[in-house]
Amino acid sequence: MRFIDELHEGDRVSSIFLCKNKINAKTKAGKTYYSLTLQDKTGTLDGKIWDLSSGIDHFESMDYIHVDGDITSFQGALQLNIRRVRKAREGEYDPADYLPVSPYDNKAMYEKIVDYVNSVKNEKIRELLTGMFVEDTELVDEFRHHSAAKSVHHSFVGGLMQHTLRVTQLCDSYCRIYPLLNRDLLIAGALCHDIGKLEELASFPNNDYTDDGQLLGHIVIGYGMLRDRIAKIPGFPQKTASELYHLILSHHGELEFGSPKKPALIEAFALHHADNTDAKLQTMSELLSSSEPGTEWLGYQRLLETNIRRTTPLV
């Protein structure tokens, strides 16, 4: 099989993909077509079935499908125009080929997470973090393999841990530059800020919002998870608990971005900006890597609210 990251404009494709999403849509002229999100372990690809009259067998989201079509480019991103499609048969595919995976070594990332846990000097905060990221083997296994998003950024196996590690590394660097920051509190906030995504998103291959994810969201879920754990630690200081809760509740920075509170502590501002930095740079990286090589302007990107352009190599 040819993987998504090997495809180029003009290629003719006859291959199997996981249909991550299928939407019935209509053109401006009122003609029905299918808009698909196709996935393999190297990424996702937009697919369109414009003609439903022949060669299109029945299939649904989360089916493995064999497609024939042609790769085109639309607004700087590759798109597969599909002529024929059928459900793939057992034995024609290996499910492991269809789960996108972090490019970084999972074991090495986890070891760095544990190093950050052990670097915390405050006894009660370290007890909280050790209980979550070392002793709770079920949570650790989920954390190491979960994604950080449905589709926006880090939407791959190990994505949650990769994002958490990057945010923690940024916060650690802030502490060296700005000594006023309470490092123990900020490192704890960085490690825990997205822990609610373990319950907000279902595990792969589904990787879609759960009922609680839709109704509550990962910020509220994460606050609840921390509150339950802190309640079981005798003598955990209430002010420290409240400040840690505040970091979780305010890490999106603005009310309109889903945070119940805006940052009020210097550590909360630091966490918000570290989280936003990694999310934006990862989004940009994924857009650039999924675009046709050599393309400069990639067009308007809704997630970044701007037209984006590839940097010119220095000579």
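Tutor: Start with Leu129, which touches Val117, Val120, Val134, Ala188, Leu191 and Cys192, leaving out residues up to four places away in sequence. Contact here means heavy atoms within 4.5 Å. The model is predicted, so to speak of a local feature requires pLDDT of at least 70 and a side-chain atom pair counts only at pLDDT 80 or more, while totals for chains, interfaces and linings use all residues. Residues are numbered from 1 along each chain as its sequence is written, and side-chain values use heavy atoms, with hydrogens and water left out.

Leu129 belongs to the largest nonpolar core, which has 48 residues, and together with Phe133 it touches the most other members. A nonpolar core is a set of buried Ala, Val, Leu, Ile, Met, Phe, Trp, Tyr and Cys residues joined through side-chain atoms within 4.5 Å. Buried means under 20% relative accessible area, exposed means over 50%, and partly exposed is in between, with a 1.4 Å probe and protein chains only. At least two residues of this core come from each of helix 1 (106-119), helix 2 (123-135), helix 3 (137-145), helix 4, helix 5 (183-192), helix 8 (218-230), helix 9 (238-249) and helix 10. Helices (H or I, at least four residues) and strands (E, at least two) are DSSP runs, numbered from the N terminus. There is also a second, separate core of 19 residues, with Ile4, Phe17, Tyr34 and Leu36 among them. As background, nonpolar side chains tend to be buried together in soluble globular proteins.

Two packed helices are described by the angle between their axes and the distance between the axes. An axis is a line fitted to C-alpha atoms, for helices over the stretch in contact, and angles run from 0 to 180 degrees between N-to-C directions. Helix 1 and helix 3 have axes that come within 11 Å and cross at roughly 125°. The two helices are therefore oblique to each other; angles under 35 degrees count as roughly parallel, over 145 as roughly antiparallel, 65 to 115 as roughly perpendicular and the rest as oblique. The crossing of helix 1 and helix 3 is right-handed: a crossing is left-handed if the near helix is turned anticlockwise from the far one by less than a right angle, and right-handed if clockwise. Helix 1 makes the contact with Asn106, Lys107, Tyr110 and Ile113, and helix 3 with Val140, Phe143, Arg144 and His145. By class, there are 4 nonpolar, 2 polar and 2 charged residues in this contact. Ala, Val, Leu, Ile, Met, Phe, Trp, Tyr, Cys and Pro count as nonpolar, Asp, Glu, Lys and Arg as charged, and the others, Gly among them, as polar.

Helix 4 (residues 159-177) and helix 10 (residues 266-290) also meet: their axes come within 9 Å and cross at roughly 130°. That makes helix 4 oblique to helix 10, and their crossing is right-handed. The residues in contact include Gln162, Arg166 and Tyr174 of helix 4 and Ala270, His273 and Asp278 of helix 10. This contact has 8 nonpolar, 5 polar and 3 charged residues.

Pro263 is buried, at 12% relative accessible area. Its contacts, leaving aside neighbours within four places in sequence, are His246, Ser250, Gly253, Ala268 and Phe269. Pro263 and Gly253 are 10 residues apart along the chain, with 6.1 Å between their C-alpha atoms.

Arg309 is partly exposed, with a relative accessible area of 30%. Glu305, in the loop between strand 6 (297-301) and strand 7, is exposed at 63% relative accessibility. Its phi is near 60°, a positive value in a residue other than glycine.
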